[in-house]
Amino acid sequence: MATVYLATDLRLERRVAVKVMHGHLADDSAFKERFIQEARSAARLAHPNVVNVFDQGQDSESAYLVMEYLPGITLRELLEEYGTLTPQQTIDITEAVLNGLQAAHKAGIIHRDLKPENVLLADDGRIKIGDFGLARAASQNTATGAALLGTIAYLSPELVTRGVADTRSDIYAVGIMMYEMLTGEQPFTGEQPMQIAYRHANEPLPLPSAKNPRVPAELDEIVLWATAKDPEARPADVRVLLEQIHDTEALIDLASTGPQKPLTTRAFPNTRPPQRGTGAMTSVITPAITDAARPERPLANAETQVLGSRMPGAAGTALAVAEPAARRRQPRRWIPIVAILAVLLLALGTAWWFVFGPGARVTIPDSIRGATVEEATTTLTGLGLEVSSATGTAYSVTAPVGTVAESTPAIGEPVGKGVSVTLLISQGPEPFDVSALQAGMTEVAANDVVASHWTQKDTEYRFDAATGKGLLLDALDGDGKTLLGVAQYGDQQPITLVVSAGPVPPVAGLTVADATSALSAVKLSVDAGKAQQNYDDTVPEGSVIGIVDPGGPLRPNDSVGLNLSRGREPVTVPNIVGHTWTEAKQMLTDAGLRWTLERDIDTFLASKPDDSRVSRVTPDVGAPAFRGDTVSIRLTAG
């Protein structure tokens, strides 16, 4: 459908992928409209598993898309390198694809061209689906032909037989991709596209485990479910299939680690026999040792002595005598303890008052700057502050318009709990008069104007024949729009100055070497690949006529092509004999020839151009000449 270029977004300084529609497709106005409409639909998708569409436009007859650039490989390249994937890798990739599809289907977009070539695996681990918004338009132009052999391998039976697709057609393609990831090959192959399409519509899908015995039976069931011939027998939507894959993933994990929690799925129960092994047998036949079966152990000496001191006897009598005296001395020992506890309680109470209680002070956090009124209110009330229902306004360079820019008391100021805070809403950067920037002012003066309130982003120099070197041509805002003639511009916003580099030195009539030297003096290089050759009546052959039109602004350090002279253009004298003088003059003009009249009578006859005819031309008709040469004409009446 298109050619994809890796490009650089100069404004945002990022790499992007630019897809330009092929010229033969651009001739079809209906197809172009579908291309643009589906591109807009894809641009509305904002999901981590869908390639982002940044922009769409048209240059002359060519429609194009600007999309997110993902360094990495496609799923097709991964399969070509590794052959088959493990069940866990297959599940991980399938889950990412289904997540992206779910977002697309919610937006009313059916992919209809899912295949490993459209699944992108980024170097940082992200998995995304590409070509959203193009498949619907492409299907009517690329549904047949040998060039689409790979795509037909993923078409659902209803698309092949009836040309009708819905969300379940995408589910069929996901099932075929799962089969290919698990087995390393497509389920149906053939020499002609129609053979593959016929097999998809009529032959049952083989089990993945028949090709790869390591495939779990649970994944066999999912692949067969997703690729049922009848759309009604497939999952109702992507969400249903995604939930089942999540449950199956847990089922496969539990089959190897032992049950830890009950499963919610009933579609694919674990029918595998329990694993037998030495460890399992030992746990079954080893008798459990209960407390009743354990023999009593003799008491240690220390235990015997402690127990002995509690038994009645001499030691018990001495203890009974000592206890009343100890009880009489006990209150006096608690006096200092009580005093210490009182001091501690007083200190804790004071700390609570100033840290957590009414005497506590909190700092209005910087996090409310740039937040919505609701978010800032939640933050401040959580700190024990009140928020006034009335709001004010403030200019801010950092806070977006409509968010919190400042507060009263100010952000960062410590205040007591319960204090009322008034939020000041951002009106954006404060506007300042920018009319002082005028075309033709010096670069130094323009820099001074910018430094008064704004940020100078860059200075761009351009050649201009009408403006002297170092004088201002234009001033651009952050979006590249001119500020000349604009009344106000926001505080601290970026400005790019466009300054004249003077005129391009004249090179007409110079040799290539001399012209190259003259252009190098103003930092312009000559690119031989951009050279052109044209006839010229005044410039000798091999000399320079001028610079090839660059098609836009010319800046220092750019490369240019030279327009070289081929000398005077050779022509032949046209056959004007017998033509009226009106016709003859037009034929001579078209040939680039001038003329003179031989006699005075010819001058008289030339005053009646439609009644006079050419009787002779010198040089003769067909003679060689050059554009700009003069021929002699004799006229006759009637």
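This is a short tour of a predicted model, stop by stop, with something to select at each one.

Because the model is predicted, local features need pLDDT of at least 70 and side-chain atom pairs count only at pLDDT 80 or more, while totals for chains, interfaces and linings use all residues. Residues are numbered from 1 along each chain as its sequence is written, and side-chain values use heavy atoms, with hydrogens and water left out.

**Stop 1**

Strands here are DSSP runs of E with at least two residues, helices are runs of H or I with at least four, and both are numbered from the N terminus. You now have an open sheet in the order β15-β18-β16, with mixed pairing; two strands pair if DSSP finds at least two bridges between them. β15 and β16 are the edges, each with a single partner strand, so one side of each has no neighbour in the sheet. On average, neighbouring strands are turned by 20 degrees against each other, direction ignored. For such angles, axes are lines fitted to C-alpha atoms, for helices over the stretch in contact, and values run from 0 to 180 degrees between N-to-C directions.

Now follow the pairings. β15 and β18 run parallel and are joined by seven bridges. Show Tyr461 and you'll find it opposite Val499 in β18; Arg462 has Ser500 of β18 as its bridge partner.

How much of β18 is buried? Six of its seven residues are, where buried means under 20% relative accessible area, exposed over 50%, and partly exposed in between (1.4 Å probe, protein chains only).

**Stop 2: the second largest pocket**

The pocket holds about 440 Å³ of space. To centre on it, select Leu10, Arg11, Lys457, Glu460 and Thr496, the closest to its centre of the 14 lining residues. A pocket is an open set of points on a 1 Å grid over the protein atoms alone, where a 1.4 Å probe fits and protein lies on both sides within 12 Å along at least five of seven lines; lining residues have an atom within 4 Å of a point. Grid points are joined across faces, edges and corners, and the volume is the space filled by probe spheres set on them.

Colour the lining by class and you get four nonpolar, three polar and seven charged residues. Asp, Glu, Lys and Arg count as charged; Ala, Val, Leu, Ile, Met, Phe, Trp, Tyr, Cys and Pro as nonpolar; the others, Gly among them, as polar.

**Stop 3: helix α9**

Jump to residues 193–202. Which residues of α9 are buried? Pro193, Ile196, Ala197 and His200. They cover an arc of only 100 degrees around the axis, which puts them on the same side of α9; the arc is taken from the directions from the helix axis to the C-beta atoms. Met194 and Tyr198 are exposed on the other side.

**Stop 4: Glu117**

Look in the loop between α4 (87–106) and β6 (119–122) for Glu117. At 32% relative accessibility, Glu117 is partly exposed.
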